[in-house]
Amino acid sequence: MLGFFHSLARLTILTIGLVAAFALKAGATEVSPPTTVIAPSPPRVLPRPSSYQVEKLEIFIKIDGQMASFVHRTTIKNTGSGNLEMDYLVPLPTESAISGLTLIGDGQELPGKLYRREEAFEIYRQIVAQIKDPALMEYSGQGFYRARIFPIPANKSRTLELAGSYLLPKDQGLISLNFPVAGPLTQGQLLPEQEIRVTLAKAQDLASLYSPLAEVKIERFEAGATAVYQAKGLDPLNNFQLFARDGQEAVGAVILSHKPEPGDDGYFLFMAEPAINRDQQEPVLPKNVIFVLDTSGSMQGQKFKQAVEALKFVLERLNSIDSFNLIDFNSQTRAWREKPSIMTPENKAAALKYLDNLRAQGATNIEDALKKALAQKFEIPTYVLFLSDGEPTQGQTNELALTKIGQEANGSGARLFAFGVGERVNARLLDRLSGQAGGATVYVAEKENIEEKVSVFFSKLTSPVLTSPDLSISAQTNRLIPQKPPDIFQNGQVVVVGRYPKGGSTTFTLSGLIEKAAHKFVYQANLATGSNPEGEFIQLLWARRRVGEIIDLIDLAKNDQKVNLELAEELVALSKKYGILTPYTSFLALEKTDLAARETNVQTAAQNLRIIENVVGESANVQRELKQNFMASQDITAAPAPPEEMEKMRALDQAANKDQSALLPPRRLAGQTFFNKNGRLLAEDLTAEDIQNAIAIEAFSEEYFALAKSLPAESR
């Protein structure tokens, strides 16, 4: 399909209308067709969004085994001055069985009909030709349910409730839910309220649950599990995906794959998490937590008070089988105890009193603090929480030397998590320290609450289940991110993405330690040999993480201009192909930028990457926080960048690209990225010659619909 669309893009002038007509019609790779559409029975005129408001969109799904029963509920308000009458058109999963349609508001049952996808295209053609909305073509490849909505009085609301069921696909124990959500009815509207709630029965048989959407909240309980998405005042989701694996493993796994084109690498996702609510709970592993607190003079005031309260919060939540120690440093470095102590009421009280007596004064000696924190012999999993607000001013101050000191001192393999507070901290140093110790860095802005940031982070590290994990794969793979999985914690997930040249039967083996004993978990999967709509998001997820990895390599590597230029070229290529903007490639979205000018764009990106040499200040912290977000992303909705990241990038761009007034995010359509250039949406790989030699097709003409119909039904 992508190859066909690629040819189409080279043969067509890509105006906004034409791209929307065919690219949107072909369907974005990361989503399935939306859910709700209203359509007239010609020649009635389709009401425009100004005459109605979708007040609420609700989808409730119950999964028992492979059977999914659903209720789709839409509340529509007539905002016009007269009666509103329309058809109700709801795209549904294939092979749905409809059990009823109810109009809530006057209690009437509405007659309806289920249309298969073979019938859908001609009906959609009539709709599109009448209202000249090319975006509607996106849904022409779906089956749908159609019913007449009785007149809705002016300023009144009616709720339509559609109930049905269908069988979910299952492959090697993996159950896949892919439910369409939004459509032209909600197009151009911010929904006051939307909710998608999935309830799973028999959760004790579930080994794992995974959703590509970070906003989905998954909760487990004794009799089942729920996955919930709720939003107010936002665009509707395109579709909702959830994957569940049954089994009795202590650690469950979801394995998905997608191979976009023959001859290209495929992409896989391996997600592991502790099993859900076993009758016999797996034992919680003991852990060491070493608190390292900067007590130099720059920490004086509110931030020091917050830092102490943050450490108290963590202390209160350690288990009775855990051990801990406190280290504070300024010009001198002190330890509360010579070695970690077990968590008892007496030791906790003594530690809290020790924290209350600390004062902020003196210089910043990071070298001695690292040596004291890491030099001890640890027999159980150990996590070092290193909190500082400044650059090293005493002892060794060179960041490369300090990184080496930390690496040599960490003979027991402790995981180090750094918290950079304020704008004076050396952000790159903290990234080096946490990166080589298998941890991560959290940045706390000057006015942010330290206690809240630390407590939220540590809540994910409360109960290790599998430590020192290693993942081996029988098939040939490349570009795994991360190269080595982090420890697996209760209620946590570990996501590994990568590429593979050939699909087929593959064995994934996850090994690690449970209470010092070696354990091994073996999972079988068939890596896709062709396009898999349910796994298309993996390609985008891998690209986003690779972008973060490239920025990290450039940030932490030595100043090798040749290597940095090669990495900059890959960064530009990924940004163009997947529409992933970074502070260093956002110039690609400017109207004046020629996407075909490869050498110029790579040089510009390389120049922009120079700003990452800043290691101190707000810009340095924001850049490295964005880098961490890219590297740890589990959310496909994050590409292109979400609004909050776009705002951060615009601020950073003041140091790189001065003119950001015309910056428009690229769009992902039919597996390709399109950039807005002077009022036209252009595919990322089109050359000036391609555009000059393109053939123009008039929108909504016979040629237009003939070309649309020629595409495979599943890609419309």
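Visitor: How do helix α6 and helix α7 pack?
Guide: In this predicted model, helix α6 (residues 366-374) and helix α7 (residues 399-409) pack at about 15 degrees, with axes 9 Å apart. Helices are DSSP runs of H or I, at least four residues, and strands are runs of E, at least two, numbered from the N terminus. Axes are lines fitted to C-alpha atoms, for helices over the stretch in contact, and angles run from 0 to 180 degrees between N-to-C directions.

Visitor: Why are α6 and α7 called roughly parallel?
Guide: Angles under 35 degrees count as roughly parallel, over 145 as roughly antiparallel, 65 to 115 as roughly perpendicular and the rest as oblique. The angle is about 15 degrees, and therefore α6 and α7 are roughly parallel.

Visitor: Which residues make the contact of α6 with α7?
Guide: Ile366, Glu367, Leu370, Lys371 and Leu374 of α6 meet Leu402, Ile405, Gly406 and Ala409 of α7, where contact means heavy atoms within 4.5 Å. By class there are 6 nonpolar, 1 polar and 2 charged residues; Ala, Val, Leu, Ile, Met, Phe, Trp, Tyr, Cys and Pro count as nonpolar, Asp, Glu, Lys and Arg as charged, and the others, Gly among them, as polar.

Visitor: What makes β2 and β3 a pair?
Guide: Pairing requires at least two DSSP bridges between two strands. Strand β2 (residues 52-64) and strand β3 (residues 67-78) have 12, in the antiparallel sense. Ile61 stands opposite Phe70 in β3.

Visitor: What makes β5 and β13 edge strands?
Guide: The open sheet of 7 strands runs β5-β8-β3-β2-β11-β14-β13, with mixed pairing. β5 (97-104) and β13 (217-221) each pair on one side only.

Guide: Residues are numbered from 1 along each chain as its sequence is written. Local features need pLDDT of at least 70, side-chain atom pairs count only at pLDDT 80 or more, and totals for chains, interfaces and linings use all residues, while side-chain values use heavy atoms, without hydrogens and water.
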